[in-house]
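Please work through each task with the model open before reading its solution.

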Amino acid sequence: MNLMIELIRSTFLAAVPILLASLGGTYTYYADIFNIAMEGMLLIGAFAAVLGSYFSGSWLIGLLAGVSGGILAAIIFTLFAVYLKTDEFVTGIALNLFALGATTYLLRQIFSVKGAFTSSDIIALPDWHIPIIDKIPIIGELLSGYPFLLYISFLIAILVEFHIFKTRFGLRLRATGEDDSTVDSVGINSDLIKSKAILLSGALSGLGGVFLSLAYVNMFAENMSNGRGWIALAVIILTRGRPIGLLFMALLFGFFDGLGFALQNTFIPSQFTQMVPYLATLAALYFYSKQKKEKIKEELEDESMAV
Amino acid sequence: MVEALIEIDSLVKIYPPSTIAVKDFDLKINTGEIHSVIGENGAGKSTLMKMIYGLTERSSGKIKINNRDVKFTSPQQAVKYGIGMVHQEFMLIPSYTVFENIILGVEPTSKLGIIEKKEAEKKIKDLIKQYNFNLKLKSKISEISVAAQQKVEILKLLYRDVDVLILDEPTAVLTPQEIEDLFLRLKKLRYEGRTIIFISHKLDEVLELSDVITVMRKGEKITTLENNNLGKAELAKAMVGRDVIFSIDKTKANLGDVIFSAVNLNYKDANGIQQLEDVSLQINSGEILGVAGVEGNGQYELVRAISGLLDLDYGEIKIKNKNIEDLDILKRRREMAYVTQDRKFMGSAQDLNLMENSIMTHHRLNDELSYYHPVLLSKSASIKFADNLINKFKVISESSKQPISSLSGGNQQRLIVGREFMLSDQFIMLDNPTRGLDVGSIEFIQEEIINKRDKGAAVLLVSADLDELFSLADRLLVMHSGKVVFNTDTARTNKEEIGQYMLGAEMSDSA
């Protein structure tokens with residue numbers, strides 16, 4: 001029983017960084033920007049959060065620093081991909097490599113450590129114990145006592161859905177992704193819409209980084225994003241950018257992440273257990289494409305029946 | 001004297017270094033008139049409109065609207081002054097609904113930026129009713145016809161309360177029935193006090209629709225005429241600068257044996273859509289068979305299937321009793337000439353020079369281009385071949401060494417048509433051979449097609465231009481949804497009837 005609860009709790013926790021990064025990437029997905037820089041944005045966010053929290057002694061400053069870090073990375077991406085019209089893929093790769101190099105370098109310079117930096121001066125995000133529910137056995141253990149950002153990120157998922165499908169910005173964003181010259185022709189600056197989309201993706205990925213280094217664990221480690229930005233990309237493509245779908249996919253990946261951890265204590269070598277989330281990504285892509293093919297086939301058969 | 005709504009005073013546009021697109025242009029457009037601006041391709045009509053609409057900056061001159069000097073730097077400013085434009089290429093988001101496309105950019109929202117549909121929907125519904133647009137707000141753009149999309153574009157402007165509508169070649173994408181429909185609507189708009197600027201090069205349409213006609217040639221205004229008792233010939237003369245013969249001299253077809261036949265061609269594309277369904281056709285020596293149809297109804301697939309660019313699911317194609325459906329493209333090219341619809345990408349290699357473009361295909365089939373060995377091409381023979389082609393097909397150029405991209409569209413097409421016509425005398429396939437060309441080149445190419453026919457070639461002519469089909473073809477086929485739905489002698493039909501078949505009218509009757 002305890003093991004089950006542990007697994008579910010770790011599922012929720014592991015899902016958050018992927019969820020936040022993929023929510024960010026959803027904006028760029030709809031703007032038709034091939035944004036692979038979530039990985040770098042997560043990492044910079046995580047590092048900046050530790051930096052802010054450690055030196056200020058406040059988790060709030062840490063949170064703001066992390067988000068700013070993500071936005072900073074987004075500004076670089078915007079400058080190159082939108083205004084200088086460089087290739088989005090190459091820019092994204094460069095940004096990811098830069099993020100890894102810069103955080104590793106700064107880690108060693110500022111904290112004089114290699115690998116990972118831990119300190120009791122890094123103030124973690126506070127947990128939220130939901131009144132009443134907290135006291136209920138099992139349910140309380142399952143639902144209460146997570147870092148407060150976890151609850152907020154689930155709320156953000158719903159807000160993003162609303163933002164993209166019900167608001168003026170959302171309408172313009174999706175139109176920009178489909179045909180930016182049409183958007184320009186009705187007097188909207190499509191470059192500005194794209195920039196906003198990238199900045200939002202930076203802010204949300206940065207927040208994902210904050211969760212990673214101030215909540216999921218309480219430290220910074222070199223390359224601690226560890227492919228989560230890439231998994232976020234896979235999640236976006238799998239769900240075709242539906243934020244509510246993202247929520248479930250992120251939980252699924254969180255589960256496999258947690259499962260990988262749980263299996264570490266068994267006879268399976270840890271190198272294999274660490275593969276679990278990535279194998280799950282490949283498997284998901286496979287089933288997704290197979291399902292899509294069948295759907296197209298069905299639609300065609302329906303059509304030919306109608307004729 | 002009524003104050004002009006739009007007054008243009010010695011407007012000039014120079015594209016650096018020295019291309020004068022519009023020269024000392026004066027124009028007055030009055031409220032409540034349909035004012036057509038006509039001219040050949042490249043006469044500067046579009047540049048003129050873009051300057052009015054704020055898409056292109058003027059070099060000098062003045063534009064006044066309601067007696068106020070204006071200098072728009074974006075279309076939105078023009079819209080604020082009540083001027084809107086429907087472009088040739090529609091500016092619509094395919095996956096959005098009619099409603100979403102109309103409000104995009106001027107969305108009514110609450111304070112939080114949430115879109116409020118109610119009022120906008122009512123306004124649009126009222127407009128649809130008022131002008132009898134027959135559109136549904138929830139239809140997706142990608143699922144409605146081109147004519148309906150054009151209605152959405154017009155509706156977009158009406159929703160923004162514009163008084164002046166500029167329409168750039170709006171009839172190019174429409175069938176005859178749809179054109180009539182559009183004209184009725186435009187006349188209603190004028191009747192209600194709106195002003196319409198209609199850009200076209202089709203004289204019949206301009207004469208039918210407009211109150212005033214301004215003729216442009218080479219960036220200059222030739223004349224502005226009231227449209228009463230104007231003749232097509234004088235208008236054409238003003239537009240082209242010389243007499244134009246409208247009726248192409250064509251003797252009766254002198255039919256010989258069957259040269260080309262296709263039986264039960266069937267093709268399903270990668271998405272499973274039946275693009276060709278049991279298409280059969282036959283062309284005799286000395287005959288031009290025209291293929292009409294709204295674009296995207298299988299004509300393109302037909303042409304590509306015959307040329308070997310796509311693999312049929314089944315079907316038989318014969319040229320002179322020889323089956324070619326399993327031959328590769330080069331072997332087929334021994335038997336046929338083929339002018340593609342796409343001049344820039346398939347018809348020519350834009351960066352290569354005239355000589356290189358002239359010998360394409362010939363370089364594999366014509367032994368005279370090599371002296372020693374078929375693999376080695378002779379440069380001098382190639383140049384001789386190209387010069388001969390350039391002379392024969394009156395390609396205006398400086399030398400066979402200039403890249404083909406430096407020629408005008410008309411001259412490029414003359415070279416391409418010439419190259420193909422030198423390839424085969426028996427079967428010639430032409431896919432929109434005169435699209436987008438100047439009147440002079442159209443005339444020349446059409447005459448060459450007739451010449452080929454008179455020499456005994458079988459000609460397959462696919463065209464989106466009904467005028468062209470009616471003046472050239474001896475027989476007409478109409479394609480709809482991948483099927484041949486009508487097959488007739490050109491003399492026994494008219495545009496209206498063809499238009500109905502193009503829209504699939506007969507088919508929906510039986511359904």
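**Exercise 1.** Determine how many residue pairs are in polar contact between chain A and chain B, and which helices of chain A supply the contact.

*Solution.* Begin with the count, which is twelve residue pairs in polar contact between chain A and chain B, both residues being at pLDDT 80 or more; a polar contact is a pair of N or O atoms within 3.5 Å, where within protein one must be able to donate a hydrogen and the other to accept it, and residues adjacent in sequence count only if both atoms are side-chain atoms. Next, on the side of chain A that touches chain B, helix 6 (148–166), helix 7 (168–178) and helix 8 (180–185) each supply at least two residues, helices being DSSP runs of H or I with at least four residues, numbered from the N terminus. Helix 7 of chain A gives the most, with seven residues.

This is a predicted model, in which local features need pLDDT of at least 70 and side-chain atom pairs count only at pLDDT 80 or more, while totals for chains, interfaces and linings use all residues. Residues are numbered from 1 along each chain as its sequence is written, chains are lettered from A and ligands numbered from 1 in the order in which they are written, and side-chain values use heavy atoms, with hydrogens and water left out.

**Exercise 2.** Find which residues form the salt bridge across the interface of chain A and chain B.

*Solution.* The rule, a side-chain nitrogen of Lys or Arg within 4 Å of a carboxyl oxygen of Asp or Glu, finds one salt bridge across this interface. Its partners are Glu107(B) and Arg172(A), whose closest N and O atoms are 2.6 Å apart.

**Exercise 3.** Identify which residues touch the most other members of the largest nonpolar core.

*Solution.* A nonpolar core is a set of buried (under 20% relative accessible area, 1.4 Å probe, protein chains only) Ala, Val, Leu, Ile, Met, Phe, Trp, Tyr and Cys residues joined through side-chain atoms within 4.5 Å. The largest one has 166 residues, and Ile6(B) and Ile83(B) touch the most other members. Helix 1 (residues 2–30) of chain A contributes the largest share of this core, eleven residues.

**Exercise 4.** Is Ser112(A) buried or exposed, and where does it lie?

*Solution.* Ser112(A) is in the loop between helix 4 (88–111) and strand 1 (116–117) of chain A. Its phi is positive, about 50°, although Ser112(A) is not a glycine. With 60% relative accessibility, Ser112(A) counts as exposed, the cut-off for exposed being over 50%.
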